[in-house]
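Subject: Handover of a structure and notes on it

Dear colleague,

Please find below the structure that I am handing over to you.

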Amino acid sequence: MTYYKFSGFSQRLTGSAPATAYSPQGLRSGLPAEPPTMTFATPTKMVSESGPMVEYLGVNKVPYFQRLFQTSDGVPVHLKRGVPDRLLYRTTVALTVGGALYCLMALYIAAQPKKTT
């Protein structure tokens, strides 16, 4: 029986011994099964070492935002947070209208015949 393996050098199938045909490039049976140790720049606690309470960074703002967005005061959801939302909304609308006008102007200019002199 003839065995073949892929040669990374010539990019073709080449004949080989049975042992090398069954262990392709990159897969070696002699390596240990356990993963290497993790290396971090700062000391890190594993999840199992942290205890029953998980520490979060910052304050949980979800209940505040749930109350804010669920109040029925007639204001759309995308404007509920006041001035920053209004500023972002108006900027988005202005950029959209400006971009559409610019596209129409570019199409108009592209549709004009070239002047030959």
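The notes below begin with the basis of the values and the overall fold, and then turn to individual residues.

This is a predicted model, in which local features need pLDDT of at least 70 and side-chain atom pairs count only at pLDDT 80 or more, while totals for chains, interfaces and linings use all residues. Residues are numbered from 1 along each chain as its sequence is written, and side-chain values use heavy atoms, with hydrogens and water left out.

Overall fold

The protein chain contains 3 helices and 2 strands, arranged from the N terminus in the order β-β-α-α-α. Helices (H or I, at least four residues) and strands (E, at least two) are DSSP runs, numbered from the N terminus. Of the 117 residues in the protein chain, 5% are buried. Buried means under 20% relative accessible area, exposed over 50%, and partly exposed in between, with a 1.4 Å probe and protein chains only. The accessible surface of the protein chain is about 11,500 Å², and carbon and sulfur atoms account for 65% of it; accessible areas come from the Shrake-Rupley method with a 1.4 Å probe, and for residues only the protein chains shown count as cover. Among contacts (heavy atoms within 4.5 Å) between residues at least 6 apart in sequence, 0% join residues at least 24 apart.

The strands

F6 belongs to strand β1 (residues 3–7) and counts as partly exposed because its relative accessibility is 41%. R12 is in strand β2 (residues 12–16) and counts as exposed because its relative accessibility is 60%. Not counting residues up to four places away in sequence, R12 touches K5, F6 and S7.

The loop between α2 and α3

K80 lies in the loop between α2 (62–70) and α3, and counts as buried because its relative accessibility is 13%. Side chains of opposite charge can pair when their charged atoms come close. The structure holds 1 salt bridge, a term for a side-chain nitrogen of Lys or Arg within 4 Å of a carboxyl oxygen of Asp or Glu. D73 forms a salt bridge with K80, with 2.8 Å between the closest N and O atoms. D73 is partly exposed because its relative accessible area is 49%. Leaving aside neighbours within four places in sequence, K80 is in contact with L68, F69, T71, D73, V75 and D85.

L79 is also placed in the loop between α2 and α3. L79 and Y89 are 10 residues apart in sequence, and their C-alpha atoms are 7.8 Å apart in space. With neighbours within four places in sequence set aside, L79 is in contact with D85, R86 and Y89.

Helix α3

Which side chain of opposite charge is nearest to D85, given that D85 is buried yet has no salt bridge? That side chain is R81, at 4.8 Å; for charge, Lys and Arg count as positive and Asp and Glu as negative, while His and the chain ends are not counted. D85 is found in helix α3, and its side chain reaches the backbone nitrogen of R81 at 3.0 Å. Beyond its neighbours within four places in sequence, D85 is in contact with H78, L79 and K80.

V97 is placed in helix α3 (residues 83–111) and is partly exposed because its relative accessible area is 46%. Y89, V93, V97, L101, L104 and L107 form a nonpolar patch on the surface, with about 590 Å² of accessible area together. Patches are made of residues with over 30% relative accessible area and no salt bridge; like charges are joined within 9 Å, and nonpolar side chains (Val, Leu, Ile, Met, Phe, Trp, Tyr) within 5 Å.

Yours sincerely,

A colleague

Definitions and conventions. Polar contact = N/O pair within 3.5 Å; in protein donor to acceptor, adjacent residues only side chain to side chain.
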